[in-house]
Amino acid sequence: MLVLVAPGQGAQTPGFLTPWLELPGAADRVAAWSDAIGLDLAHHGTQADADEIRDTAVAQPLLVAAGILSATALGDVAPGAVAGHSVGEFTAATFAGVLDDTAALTLVRTRGLAMADAAAITETGMSALLGGDPDVSVAHLEKLGLTPANINGAGQIVAAGTLEQLAALNEDKPEGVRKVVPLKVAGAFHTRHMAPAVEALAKAAADLAPADPKVCYVSNRDGQAVATGAEILERMVGQVANPVRWDLCMETFKELGVTALVEVSPGGTLVGLAKRALPGVKTLALKTPDDLDAARELIAEHGVA
């Protein structure tokens, strides 16, 4: 059984969209999406520097566009399950047929802008914890008033909160944690600090009519499979201010009997986690179109067409 997954913010690198735009019809699709959301995706995906694409309002639609392009290039694929990390949930929603491409990109553009606005209210940030026991680390973070915003599995936890709280964490690390690494993000995503963004996103989502998923859709909230489009959309809206539980998503992959995992562009992050947390599961990251043939072979091998 194959699961198709989409990465979250931070996976983007300068110029990563360039080779995908060379595929037949890709440039025209991206141009149409750019017109629809008022953002030049081709420019940002090919010419913008790292600082420009770190901007939340730019990074999020850029990642979703790349994920859709690369998944489409695979051809007629029906995975056994889909999931996405954070903003990758919007990409996964298109895989499952819950939202069409333009609706997903329009909504994620609103998400990015709203999260950037929320991040400007208070000086906040995120830091990754290297090493340590997850249970010990989570309890320690909560004692400091921080939120374990990403519990990614394979021992990886990302803390989020005010800059003062993060400074305190750096001085008072959880037992067993080797290092605390500040992340280059605009704010404390997936925490209460993003509440204003939830309101803006909910308002925009109210105009949509999501379809029920055509394949198993695994949610970041609790790793559970969600059966209706309405609940998937409601969960994606609320997830902005709640922790990402990718660890639980991977537990569900195990329960479903997943044997192969393909991560769409810009792939690599989720494959890295899967290699540590899902031994025996074959993995492939779609970094460039050169990876498409290998991905198709893996898909054929695992009986999905």
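Helices α4 (56–73) and α5 (88–95) each supply at least two residues to the lining of the second largest pocket, and α4 gives the most to that lining, with three residues. Helices here are DSSP runs of H or I of at least four residues and strands are runs of E of at least two, numbered from the N terminus. The structure is a predicted model, in which local features need pLDDT of at least 70 and side-chain atom pairs count only at pLDDT 80 or more, while totals for chains, interfaces and linings use all residues. Residues are numbered from 1 along each chain as its sequence is written, and side-chain values use heavy atoms, with hydrogens and water left out.

## Pockets

On a 1 Å grid over the protein atoms alone, a pocket is an open set of points where a 1.4 Å probe fits, with protein on both sides within 12 Å along at least five of seven lines, and lining residues have an atom within 4 Å of a point. Grid points are joined across faces, edges and corners, and a volume is the space filled by probe spheres set on the points. In the lining classes, Ala, Val, Leu, Ile, Met, Phe, Trp, Tyr, Cys and Pro count as nonpolar, Asp, Glu, Lys and Arg as charged, and the others, Gly among them, as polar.

| Largest | about 690 Å³ | 32 residues | 16 nonpolar, 13 polar, three charged |

The largest pocket has a volume of about 690 Å³, and of its lining residues the closest to its centre are Q9, G10, A11, L183 and V185. The elements that give two or more residues to this lining are α3 (50–54), α6 (101–119), β3 (124–131), β4 (147–153), β5 (156–162), β6 (177–182) and α12 (269–277).

## Strands and sheets

Strands β3 and β5, both named in the lining of the largest pocket, pair in the antiparallel sense over six bridges, where two strands count as paired if DSSP finds at least two bridges between them. Within this pairing, G125 has G161 of β5 as its bridge partner. On β4, the pairing with β5 is also antiparallel and runs over five bridges, with G153 standing opposite Q156. The two strands β4 and β5 form a hairpin with two residues between them, and A154 in the turn has a positive phi of about 55 degrees. Six of the seven residues of β5 are buried, so this strand is largely enclosed by the rest of the structure; buried means under 20% relative accessible area, exposed over 50% and partly exposed in between, with a 1.4 Å probe and protein chains only.

Elsewhere, six strands form an open sheet of mixed pairing in the order β8-β7-β2-β1-β9-β10. Its edge strands, β8 (225–226) and β10, each pair on one side only. Inside that order, β2 (residues 81–84) and β7 (residues 216–218) run parallel and are joined by two bridges, and A81 stands opposite C216 in β7.

## Helices with a buried face

In α13 (residues 292–301) the buried residues are L292, A295, L298 and I299. Seen down the axis of α13, these residues fall within an arc of 120 degrees, so they line one face of the helix; the arc is that of the directions from the helix axis to the C-beta atoms. On the other side of α13, D293, E297 and A300 are exposed. The buried residues of α13 pack against β1 (2–6), α4 (56–73), β9 (260–263) and β10 (282–285), with contact meaning heavy atoms within 4.5 Å.

The buried residues of α8 (residues 163–171) are Q165, L166 and L169. They cover an arc of only 100 degrees around the axis, which puts them on the same side of α8. On the other side of α8, E164 and E171 are exposed, whereas the buried residues pack against β3, α7 (134–143), β5 and β6.

## Local backbone features

A cis peptide bond joins S265 and P266, with omega about -5 degrees, and P266 has its place in the loop between β9 and α12. S86, in the loop between β2 and α5, has a positive phi of about 60 degrees although it is not a glycine, and at 11% relative accessibility S86 counts as buried. Phi of H190 is near 65 degrees, again a positive value in a residue other than glycine; H190 lies in the loop between β6 and α9 (195–205) and, at 2% relative accessibility, counts as buried.
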